[in-house]
Amino acid sequence: MRGFAPLFFLRQNVRAKIDKKIFLLYTGQDSGAANHRLCAGIEEEWIDMTLYEKWVGMAYDKKNGASVQKCWDEFSPKEQKIYETLLEKKISHLETTVQEFGKRFDIQPEFVCGFLDGINEALRERMDLSSLDLDSPITIDFDFARLYQKMVEYRVEALYSLPQWKQIFSEAERETLFRDQRRSTTVVRQQAKIGRNDPCPCGSGKKYKKCCGAMASQMQSIA
């Protein structure tokens, strides 16, 4: 995960459509007649893509899902600035549109989708990002405690360590939220080992060694 954007794997059809366009935009290899022809050839497809498709194409490599560094270097400081403003002004509810949100925080529409992608799991009601356009209404409504713990869960220290959090929670409260979140994600439950003479967990009523255990032994001997 980069920034606070939860990292959904890209759909294959999206990857196929954006590959060459993103290569031109984010590797700087946008000169030369061949590149210009290529850019012109896929311009129509690019325009027809949704904002969210453009965002994931800009942010993640289509081959392996890895972050595109150039995109994140531009996006991350803008994302952080938005959170600084929300925390500083204690804004936990905001109703606007994609376009107006972008204007308010001085970010391009694709980056609005990136921000929403990141905060989505902390919202009281998650948004469907796939169909967003410039005029789409958006409601950003969250609980500060849940937002803080989501940042901790995704280990985004740059965000959960923002000094503006001091205006929301005391140091003791932040430590409690941090500790509770880490505990919830580090608990390891180990299944007790099944004894040969124990009842088979399949519910047959037979002993394990006479039921699934026997089958497992047979499979091991075949292997």
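Glu-121 counts as buried because its relative accessibility is 18%, buried meaning under 20% relative accessible area, exposed over 50% and partly exposed in between (1.4 Å probe, protein chains only). This residue belongs to a predicted model, in which local features need pLDDT of at least 70 and side-chain atom pairs count only at pLDDT 80 or more, while totals for chains, interfaces and linings use all residues. Residues are numbered from 1 along each chain as its sequence is written, and side-chain values use heavy atoms, with hydrogens and water left out.

The side chain of Glu-121 forms a salt bridge with that of Lys-150, at 3.4 Å from N to O; a salt bridge here is a side-chain nitrogen of Lys or Arg within 4 Å of a carboxyl oxygen of Asp or Glu. Since Glu-121 sits in the loop between H6 and E2 and Lys-150 in helix H7 (residues 144-153), the pair ties together parts that are 29 residues apart in sequence. Helices (H or I, at least four residues) and strands (E, at least two) are DSSP runs, numbered from the N terminus. Lys-150 also counts as buried, at 12% relative accessibility. A further salt bridge joins Lys-150 to Glu-153, with the closest N and O atoms 3.1 Å apart. Both of these residues, Lys-150 and Glu-153, lie in helix H7, three residues apart, or about one turn of the helix. Glu-153 is partly exposed, its relative accessible area being 31%.

Arg-124 is exposed, with a relative accessible area of 54%.

Now to the chain that holds these pairs. Its secondary structure comprises ten helices and two strands, in the order α-α-α-α-β-α-α-β-α-α-α-α from the N terminus. Of the 223 residues in the protein chain, 39% are buried. Among contacts with a separation of 6 or more, 62% are between residues 24 or more positions apart, contact meaning heavy atoms within 4.5 Å.

Helix H5 (residues 98-105) has Val-98, Phe-101, Gly-102 and Phe-105 as buried residues. They lie on the same side of H5, because they cover an arc of only 100° around the axis, the arc being that of the directions from the helix axis to the C-beta atoms. The buried residues of H5 pack against helix H3 (51-59), helix H4 (69-88), strand E1 (93-97), helix H6 (109-119) and strand E2 (137-141). Just after H5, Asp-106 has a positive phi of about 60°.

Helix H6 includes Glu-110, which is buried yet has no salt bridge; the nearest side chain of opposite charge, Lys-54, is 4.4 Å away. Lys and Arg count as positive and Asp and Glu as negative, whereas His and the chain ends are not counted. Not counting residues up to four places away in sequence, Glu-110 touches Leu-51, Lys-54, Trp-55 and Met-58.

Gln-181, in helix H9, counts as buried at 9% relative accessibility. Beyond four places in sequence, Gln-181 contacts Gln-149, Val-152 and Glu-153. Ile-168 is found in the loop between helix H8 (157-160) and helix H9 (171-186), and counts as buried at 19% relative accessibility. Leaving aside neighbours within four places in sequence, Ile-168 is in contact with Leu-87, Lys-90, Phe-144 and Glu-173. The C-alpha atoms of Ile-168 and Lys-89 are separated by 9.9 Å, although these residues are 79 apart along the chain.

A word on confidence is in order. The chain has a mean pLDDT of 78, and 62% of its residues reach 70 or more; pLDDT is the predictor's confidence in each residue, from 0 to 100. Among the elements, helix H1 (residues 12-27) has the lowest mean pLDDT (48) and E1 the highest (98). Over residues 6-19 the pLDDT is below 50, and this stretch has 31 contacts in the model beyond near neighbours in sequence. Residues 26-41 also stay under 50, with 19 contacts beyond four places in sequence. Where pLDDT is low, the predicted coordinates should not be read in detail.
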